[in-house]
Amino acid sequence: MVFAHGFGCDQRMWRFVAPDFEVDHRVVLFDHVGSGHSEPSAYDPVKYGSLHGYASDVVEICRDLGLSDVVFVGHSVSAMMGVLALQQAPELFGALVMVGPNPRYVDDGDYVGGFTRSDIVGLLEALDSNHLGWSRQMASVIMGNPDRPELTEELTNSFCRTDPDIARQFARVTFLSDNRGDLPGVKVPTLILQCSDDVIAPDVVGTYVHGQIPGSVLTRLDAVGHCPHLSAPEETTAAIRAFLSG
Amino acid sequence: MDSTEAVGKDPRAQLDRLLEEDPADLYENAPCGYLSTLPDGRIVKVNATFCAWTGRPVDEVIGVRFQELLSVGGKVFHETHVRPLLRMQGAVREIALDVVRVDGSLLPCLVNAVEVRDEAGTPVLIRATLFEATARRRYERELLAAQRAAEESEARSRTLQRVVSDLAAAMSVEDVARVIVEHSRVALKARGAALMRVEASPDRRQEVPGLRALRVEGLSGGLLAALQEAASGQLVLELQRGVRSVPLDARLRSVQPALAGAMRAGGLSALVIVPVSADSRRLGVLVLGLGGESPGGLIDLDEPDTPRVVAPAEVELLWTLGRQAGQALERARLHEETARQAERAAFLLEAARLLAEASDVTETVERLAELAVAGLADLCVIDLVTEAGMTRPAARHRDPARQHLADQLRDRHLPQRQVTHPSARAVREGRTQWVRSVDEEFLAAVTSDERHLEVARALELACLISVPLVADGRRLGVVTLAADRWRRPFTAADVEVAEQLALQLALVVAKAQRYELDRRTSHTLQANLLPPSPPAVAGLSTAVRYLTATQGVEVGGDFYDLVPLHGEQVAVAVGDVVGHDITAAATMGQLTSVYRALLVDGPSPSAIIDRLQASWSLLGLQRMATALFCTLDAGTGQLRIASAGHLPPLLLVEGRAEFLPVRPHRMLGTPPSPAPAAEWAGVLPMGGTLVLFTDGLVESRSADIDLGLGHLRSAAVAAGTSDPDALCDHLLAELTGRHRADDIALLALTRLG
């Protein structure tokens with residue numbers, strides 16, 4: 001099972017869910033390049049200018065580890081990366097779990113993604129406002145010394161800190177991609193976990209994704225918000241287990 | 001602080017009293033907002049300060065999820081950052097969030113929050129404090145804006161630096177165009193860009209200059225064509241206005257529907273036109289197409305159909321790029337012009353070398369045409385005026401794959417059939433014809449039939465030059481050079497080169513034609529003057545050979561003669577008039593006529609020399625000559641020989657050969673000698689052979705006459721025959737090569753038993 005974190009923090013988002021699957025799965029966790037403890041120098045603005053770049057990393061990880069019949073669990077934007085990784089290497093994957101997916105955040109005609117363009121502009125501003133205290137020196141302290149936690153303890157909000165330029169571009173790639181056309185190509189069993197009151201992935205979007213992926217399963221969670229794996233790990237785990245055993 | 005008196009006698013007690021605050025009041029009216037929410041964000045407790053700041057009554061806040069009170073950006077940040085952080089590290093500090101007031105306005109806040117957990121670690125409550133941060137956030141935004149502006153400014157100056165350094169390395173116009181288009185496209189995040197150069201209309205009838213695309217990226221041909229169309233007439237105005245943005249709006253749709261359509265098809269929301277100039281001379285425009293999806297296929301943040309506004313700083317950058325482009329284009333143009341001039345000079349030099357070596361006109365024009373298409377033109381056709389009318393000895397195409405078209409022009413489509421053809425006009429008017437733009441109308445006018453038109457179309461010519469070949473006022477032909485549409489059009493410098501080439505070629509052709517005329521005349525003359533074959537004489541077997549020189553047009557005044565006299569007497573002569581031209585041939589004719597007239601009196605060989613010497617000036621003969629005169633009695637073998645400066649004859653008897661020791665007298669045409677000419681007398685034995693020859697035979701292989709005579713003697717012995725024909729053939733085969741510098745006259749006679 002490969003767990004991919006979404007836009008925001010890093011692989012530790014899965015801390016309440018992933019361990020449960022270790023009993024019967026090989027569990028792989030990773031940080032996307034530009035997030036968490038990834039190597040800052042690996043960030044290539046061109047490669048990571050689209051979700052395909054991230055998806056090719058997923059494929060590379062699976063191949064390097066010699067994985068097969070992978071259950072890919074992707075949160076938020078990573079759910080779409082999973083769709084693209086499936087396109088790139090269909091032979092690697094056995095199932096797809098999409099937690100709060102949204103193939104296109106920006107409304108488009110009749111399609112409701114939940115956001116207007118000016119909403120996205122506001123989001124980018126909100127990100128900027130929270131990254132002012134950031135400095136590149138800190139980036140190296142936080143991202144370059146994962147084995148010296150005493151350095152990071154001093155820093156507030158350290159779990160979700162990242163280089164503001166990278167965060168900004170990741171936000172752009174996340175919120176300005178349109179992968180609706182890729183959905184019908186998903187040919188593996190797929191679970192869509194839809195939260196209640198999720199502003200980032202509204203119910204109408206989850207329903208849309210469910211309609212676009214043939215044979216997919218849509219499970220609505222009681223969990224509120226966008227991160228059920230943090231706010232309701234038991235419910236999330238149970239839903240995934242039910243899907244995998246079903 | 002001057003407060004001792006005001007506080008009273010016991011300041012400490014008063015302070016204690018002040019600090020005995022009501023905790024409820026402290027909570028409600030604290031100088032910050034207080035909130036308590038359930039783990040899912042639902043607000044369960046809020047203080048008055050928060051309600052006052054947001055203008056929301058308490059009962060409208062309780063029960064609402066905190067994130068619902070945030071701006072959209074705040075909501076997303078809350079979901080993606082705040083909640084995960086609270087779950088993972090239990091607290092967040094100094095998060096910037098905008099709370100929406102009841103009137104819709106935003107209250108910028110800094111938020112601290114802690115997650116309260118029960119003993120099992122399950123979250124039960126979140127406590128948050130909010131500090132108003134309007135001023136601080138405004139300051140931060142300004143800071144951020146300033147930082148962004150500085151970064152953009154730095155990016156612009158980096159762009160400019162890169163452009164300047166790349167332009168410095170750009171040698172050709174193509175390189176310059178590539179640098180400008182690539183960099184400007186990236187700098188403006190444009191979908192496409194094109195650099196177009198203003199070119200004087202090839203058609204002089206039109207006043208409006210044309211635009212030629214030097215490089216295009218990401219813009220459709222249809223768009224450029226529509227732009228051309230739209231630009232005509234307005235272009236100069238556009239250029240004067242500086243950097244101009246042309247948005248795709250209702251006005252454009254009504255005024256320039258074609259352009260608007262092409263922009264819409266290309267997903268463009270605006271075009272930016274940047275003047276390209278150098279030293280106030282307008283050279284062209286840089287066109288940038290804006291809009292559509294940003295790089296990487298991401299959704300554009302601008303609303304669809306909202307033309308992007310080009311910022312003043314970008315305008316300034318583009319303006320500078322335009323001027324840089326102009327200067328670089330000028331420099332590259334000069335550089336290319338210099339290179340082309342060197343190329344032209346090299347071409348003319350090579351042509352001159354080729355023409356200097358010219359021996360055969362047809363071969364020369366073919367090689368010249370080949371040279372022309374190697375550098376100067378795509379097609380070269382050379383026509384020459386001959387007695388048979390206009391001929392086309394050469395038509396070459398640069399591209400071997402299209403040579404068959406040139407061949408058709410050469411073999412089938414002569415221009416004289418079409419008087420309007422520039423080559424025909426060039427010959428008729430004696431002036432260069434420069435057709436700057438070949439179009440369908442032109443082709444229809446200059447071709448003779450449908451087939452010719454097809455060939456002309458297939459050549460895809462763009463412009464051509466026809467230069468007449470004129471020498472001594474005579475029009476000898478015409479050289480036509482053509483460029484197809486992939487080549488840069490001909491310039492005045494190219495026309496000049498063509499004219500210089502034509503001048504050189506004309507001189508060569510004129511000279512060749514003169515030589516040819518001379519040669520033909522001389523040979524005709526010579527052939528008519530020499531007896532066709534010697535008459536049969538009883539008791540003698542004879543053979544004659546006459547070979548003309550092979551080099552150039554040289555024709556000698558060589559002659560031989562054999563005349564039966566009375567009885568068994570025979571007069572034999574061989575001679576050589578100095579010079580190799582018509583005069584020499586004419587002199588030879590006269591000389592042989594006078595010689596024959598003298599034979600009427602039957603004079604001795606020496607008397608013939610004396611009489612010719614004496615009458616040379618009276619005869620008005622202009623050239624000197626050498627000659628050998630003999631009389632032979634075929635019956636007795638009596639032989640008398642006199643020489644006027646001529647080489648001695650060879651006597652071949654029974655396998656032995658010797659030159660007869662005839663004492664040479666002065667050459668004919670030199671001042672008469674007081675002493676009479678000497679004469680050798682002897683007998684030609686039965687079976688003996690006498691060989692008379694001109695110096696061409698012995699000088700053919702060696703300049704040394706004695707060596708040549710030695711070769712002749714050896715060859716005659718080696719021939720092992722006394723048959724005159726066989727001997728002549730053998731001698732010529734042995735002594736002459738395929739190339740002869742001089743004419744050869746050879747006469748052999750054998751006395752039969």
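This is a predicted model: local features need pLDDT of at least 70, side-chain atom pairs count only at pLDDT 80 or more; totals for chains, interfaces and linings use all residues.
Residues are numbered from 1 along each chain as its sequence is written, chains are lettered from A and ligands numbered from 1 in the order in which they are written, and side-chain values use heavy atoms, with hydrogens and water left out.

Of the 246 residues of chain A, 59% count as buried; here buried means under 20% relative accessible area, exposed means over 50%, and partly exposed lies in between (1.4 Å probe, protein chains only). Contact means heavy atoms within 4.5 Å. Among contacts in chain A between residues at least 6 apart in sequence, 74% join residues at least 24 apart.

How do the two chains meet? The interface brings 46 residues of chain A into contact with 35 residues of chain B. The size of an interface is often given as the accessible area lost when the parts come together. Between chain A and chain B the buried area (the accessible area, with a 1.4 Å probe, that two parts lose on being put together, summed over both) is about 3600 Å², and carbon and sulfur atoms give 65% of this. Two salt bridges are counted between the chains, a salt bridge being a side-chain nitrogen of Lys or Arg within 4 Å of a carboxyl oxygen of Asp or Glu. One salt bridge joins Asp197(A) to Arg65(B), at 2.5 Å from N to O. Five residue pairs, both residues at pLDDT 80 or more, are in polar contact between chain A and chain B. A polar contact is a pair of N or O atoms within 3.5 Å; within protein, one must be able to donate a hydrogen and the other to accept it, and residues adjacent in sequence count only if both atoms are side-chain atoms.

On the side of chain A that touches chain B, α4 (117–129), α7 (164–175) and α9 (228–231) of chain A each supply at least two residues. The most comes from α4(A), with eleven residues. By class, this side of chain A has 23 nonpolar, 13 polar and ten charged residues.

Side chains of opposite charge can pair when their charged atoms come close. Over all chains, the count comes to 50 salt bridges. In chain A, Arg104(A) pairs with Asp178(A), with the closest N and O atoms 3.1 Å apart. This pair links distant parts of the chain, 74 residues apart: Arg104(A) is in the loop between β4 (93–99) and α4, and Asp178(A) is in the loop between α7 and β5 (190–196) of chain A. Arg104(A) counts as buried at 6% relative accessibility, whereas Asp178(A) counts as partly exposed at 30%.

Arg136(B) and Glu140(B) form a salt bridge at 2.8 Å, N to O, and both lie in helix α7 (residues 134–169) of chain B, four residues apart, about one turn of the helix. Arg136(B) is partly exposed, at 40%, while Glu140(B) is buried, at 11%. Asp729(B) and Arg545(B) also form a salt bridge, with 2.8 Å between the closest N and O atoms. The two residues are 184 apart, with Asp729(B) in helix α24 (residues 724–735) and Arg545(B) in strand β16 (residues 540–547) of chain B.

Finally, Glu132(B) is found in strand β5 (residues 123–132) of chain B and counts as partly exposed at 41% relative accessibility. Not counting residues up to four places away in sequence, Glu132(B) touches Trp53(B), Leu107(B) and Pro108(B). The side chain of Glu132(B) also makes a polar contact with the side chain of Thr134(B), at 2.7 Å.

Technical notes:
Ala, Val, Leu, Ile, Met, Phe, Trp, Tyr, Cys and Pro count as nonpolar, Asp, Glu, Lys and Arg as charged, and the others, Gly among them, as polar.
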